[in-house]
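Could you have a look at this one with me? My notes follow, as numbered points.

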Amino acid sequence: MKIHGIETGRVKVTERWREGEGKGIKRLLNAVFDKNMTGWLPIHVWIIEHPEGLIVIDTGVPSDANKPRYFPPYMPLLQRAAIFDVSPEDEIGPQIQRLGLNPDDVRWVVMTHLHQDHDGGLHHFPNAEFVVSRDEWNFASGFKGRMNGYLNQRWPRSFSPTLVDFQKTPFGPFASHAKLTHAGDVTLVPTPGHSPGHLSVLLNEGDTTIMFAGDTSYTERHLVQLMADGVGTDIAAEIETHRKILAYAAENPTVYLPSHDPDALQRLADRAIIKMQE
Ligand SMILES: [Zn+2]
């Protein structure tokens with residue numbers, strides 16, 4: 001099955017955003033006011049050419065995010081601690097077309113979560129079925145969602161995703177899961193921590209699992225070293241998610257693809273599985 005990893009622009013965040021320090025509100029303030037920025041990080045979108053139809057995972061950020069007043073004043077984290085570099089040609093719509101694929105042929109768009117650097121290309125898929133976990137939807141929508149840091153006022157009016165309720169039957173170390181495809185080769189698992197309803201997508205390629213991991217961690221190193229980011233909603237849940245992913249990978253060779261890991265595309269090309277720490 002052909003898988004495309006697409007860089008839909010770049011972002012820099014503070015080091016204490018990518019790798020958290022401190023607890024509670026102090027952890028968030030450390031992320032906001034850290035003077036040190038990361039280098040440019042990719043904003044990945046993934047496309048699986050599945051026999052049941054194209055599957056897109058996340059939608060990137062719009063080129064408007066470069067503009068100074070794109071983020072409202074009540075979002076200091078995004079105003080102060082992140083810099084975006086996205087051109088109109090970087091957006092997922094034009095990029096899909098350059099691959100020779102048609103956005104109208106997309107069967108599912110699975111959202112790992114609804115943060116603004118993942119939900120910024122929803123409008124490129126007017127005919128697709130969007131898939132979001134119910135917990136993420138409940139946390140991200142409405143006025144409360146805006147207070148929780150989501151830009152839901154920018155969602156297309158027609159955005160009405162299918163909400164996933166995970167079946168309470170285990171999938172390896174994950175306590176629950178949901179199947180996306182009829183063939184059963186694409187599985188959604190809850191991976192909370194960075195956001196309460198965060199999910200990851202596992203594609204069974206036979207010998208190898210490809211894990212589209214969203215922001216469960218920013219790099220494979222942060223996963224293996226059990227290091228939570230500085231902006232997640234629940235540090236303990238994020239580290240518990242890391243442990244589950246590592247337990248899964250110990251049983252099933254797994255290629256780990258977070259959204260903002262500069263090495264992810266190379267690992268996908270090489271089918272390089274997670275290296276456990278010595
Ligand atoms: Zn995120």
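1. Helices (H or I, at least four residues) and strands (E, at least two) are DSSP runs, numbered from the N terminus. In helix α2 (residues 24-33), the buried residues are Arg 27, Asn 30, Ala 31 and Val 32. They pack against α1 (15-18), α3 (76-80) and α8 (235-251).

2. Keep in mind that this is a predicted model, where local features need pLDDT of at least 70, side-chain atom pairs count only at pLDDT 80 or more, and totals for chains, interfaces and linings use all residues. Residues are numbered from 1 along each chain as its sequence is written, and side-chain values use heavy atoms, leaving out hydrogens and water.

3. Now the metal. Which residues hold the zinc ion? Its protein donors (N, O and S atoms within 2.8 Å of the metal, or 3.2 Å for Na, K and Ca; water is not among the atoms, so sites may look incomplete) are His 113 (NE2), His 115 (ND1), His 194 (NE2) and Asp 215 (OD), at 2.2 to 2.3 Å. Along the sequence, their spacing reads H-x1-H-x78-H-x20-D. His 194, in the loop between β9 (186-190) and β10 (199-204), and Asp 215, in the loop between β11 (209-214) and α7 (220-224), link distant parts of the chain, 21 residues apart. Both His 194 and Asp 215 are buried.

4. Last, the strands, which pair if DSSP finds at least two bridges between them. β1 (residues 2-13) runs antiparallel to β2 (residues 41-50) over eight bridges, and Glu 7 has His 44 in β2 as its bridge partner. β1 is also joined to β4 (residues 82-85), again antiparallel, by four bridges, with Val 11 opposite Phe 84 in β4.

Note on methods: Buried < 20%, exposed > 50% of the residue type's maximum accessible area, 1.4 Å probe, protein only. Contact = heavy atoms within 4.5 Å.
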